[in-house]
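I opened my notebook to record what I looked up in one structure. The entries follow in the order I made them.

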Amino acid sequence: MTRNLTFGRRAFLAGASLSALLAAAPRALAEVLGYPRALQGPMVGSPGPSHFTVWVRASGAFPVTLEYSTDRDFETLIQGPTATARAEDDCCVTLRVDGVQPDTDYWYRLKYNGDADRYQHFPYRTRTAPAGAAEFSVAFGSCCRIQFDADQPIWNAVREIDPDLMFWLGDNIYGDSDQPSVLADLYGRGRLVERLVPLLRSKPQLAIWDDHDFGYNNGDGRSPYKAASLKVFKDFWANPSYGEADNPGVYFKQAYGGVDFFFLDGRYHRDPIETPDTGRKTMLGARQKAWLKRELAASTAAFKVLVAGGGFSSAENEEGGDSWGVFLTERNEIFDFIRDRNIGGVFCITGDSHMGELNCIPRSDVGGYDIYDFCSSPLAQMPAVKNTRQTPEVRIRDTWTRSVNVGHLRFDMTGPTPTMTYTLHDVMGEAVWDPLVLTPADLTNGVRTWDKKADPEELQRLERFKRGGGYYGYDPAPGWPSRPYYNGEGG
């Protein structure tokens, strides 16, 4: 005889056999065995003037419905989309609301299998993108290792900055594994960091990956696990797209407020680091590179931002590096294309180095314009003092290695002269450098700006280095040969 199980709820007070319980309606079963709810999230994903996106990981395989309103009390309730969480997607769902107004606050809430989440009682608010040129800001960073720091105080600083968008530039988890379950577990843990949660629920989050969330350290396109890693990445982020229909990857374009952002995948199609740096060596792969050139040439935005996992400068052009410094031929091909097609307004934001950096590749000497590279790293990881043994083409500001940090781009696209102001903020929220301001006129072929934008002390250090001395702290001995100035046209 089957033993009755007493659950002490509603119709099951009298007890029910296990077989009868399993045959019950899914909703009744969920009420008995656990409350349908969010396991992680919600998190706001890719934005647009007429849409917003919400990601959530549900506690089981059941329908998830998004409701939204222009008022906090939902006096005007609008029924949004429904998606069914599936075990094969780790019960992650992305819900997109279309047909909303630009630059408008919306309150949203979720229902799980028809019920509200018992543990999240209040609705959340997000804002749609502006329809045209706007004043807005972006926070960005990389290297967020929850195993190193589960508290992550940097998110207090980010919330004080109050950006309109947050960009994750890779090593968003330190999976270092070929097991999808390991990657999913670390993504899940990261979405529950207390200081981060309010930001996830209100501000659009966009992401690319680098080696530690792609698979193993310094991983490349040879990885037999890359398709599985991509599946997990797509489950846990809500980007507008992932690669192209016939070319997998995490690259995509996001337009916002009059600026175009080009998010690059530096792992899925990458050649091994040790491959000789010739015209055949690629970080992006032929298809992604063609996409980037096509999209850059078509863009009419005043600023065009390249978003990459590793820095564009030559700093790691040596053994042990895996940034664009060991893919200089392809980097210069892209920069030559920008020059030759007269594409103005390009600068770069990057991560990975475990240092805050503001570097520049001086292309004005070869007919282009000087391309700036802003690096924020780490968000939650040990900073590194690699700057004492690395020398990029030009340091505009001294390298920041004293604490975790976050980058902040402030755009004002509304006036006659669009401007971008960049600052880097430490764990306390303080700006660590004087701001750098760029206008489209600074990013125009033939215009030289790097020596005017750089700190005088950095220019003195560069001159000392060129004379054969150490970048930091000592002059060359008498008769010591000088170093040729690196102009960005070779390795």
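Buried means under 20% relative accessible area, exposed over 50% and partly exposed in between, with a 1.4 Å probe and protein chains only. I note that this is a predicted model, in which local features need pLDDT of at least 70 and side-chain atom pairs count only at pLDDT 80 or more, while totals for chains, interfaces and linings use all residues. Residues are numbered from 1 along each chain as its sequence is written, and side-chain values use heavy atoms, with hydrogens and water left out.

Entry two: aromatic pairs. Rings of Phe, Tyr and Trp (its six-membered ring) pair if their centres lie within 6.5 Å; planes under 30 degrees apart count as stacked, over 60 as edge-to-face and the rest as tilted. I counted 33 aromatic pairs by this rule. The ring centres of W209 and F233 are 5.3 Å apart and the planes are at 65°, so I filed this pair as edge-to-face. W209 is in the loop between β11 (205-208) and α6 (211-214), and F233 is in helix α7 (residues 226-236), 24 residues apart. Helices (H or I, at least four residues) and strands (E, at least two) are DSSP runs, numbered from the N terminus. F233 is buried too, at 0% relative accessibility.

I then turned to F347 and F411. Their ring centres are 6.4 Å apart with planes at 25°, so this pair is stacked. F347 belongs to strand β15 (residues 346-350) and F411 to strand β19 (residues 406-412), so the pair ties together parts 64 residues apart in sequence. Both F347 and F411 are buried.

A charge sits over a ring if NZ of Lys or CZ of Arg is within 6 Å of the ring centre and within 35 degrees of the ring normal. I found K281 over the face of F327, 4.5 Å from the ring centre. I also found the charged end of R395 over the ring of Y471, 4.8 Å from its centre.

Which residues of α8 are buried? I listed Q288, K289, W291, L292, K293 and L296. The cover over the buried residues of α8 includes β12 (252-256), β13 (259-263), β14 (303-307), α9 (328-340) and β15, where contact means heavy atoms within 4.5 Å.
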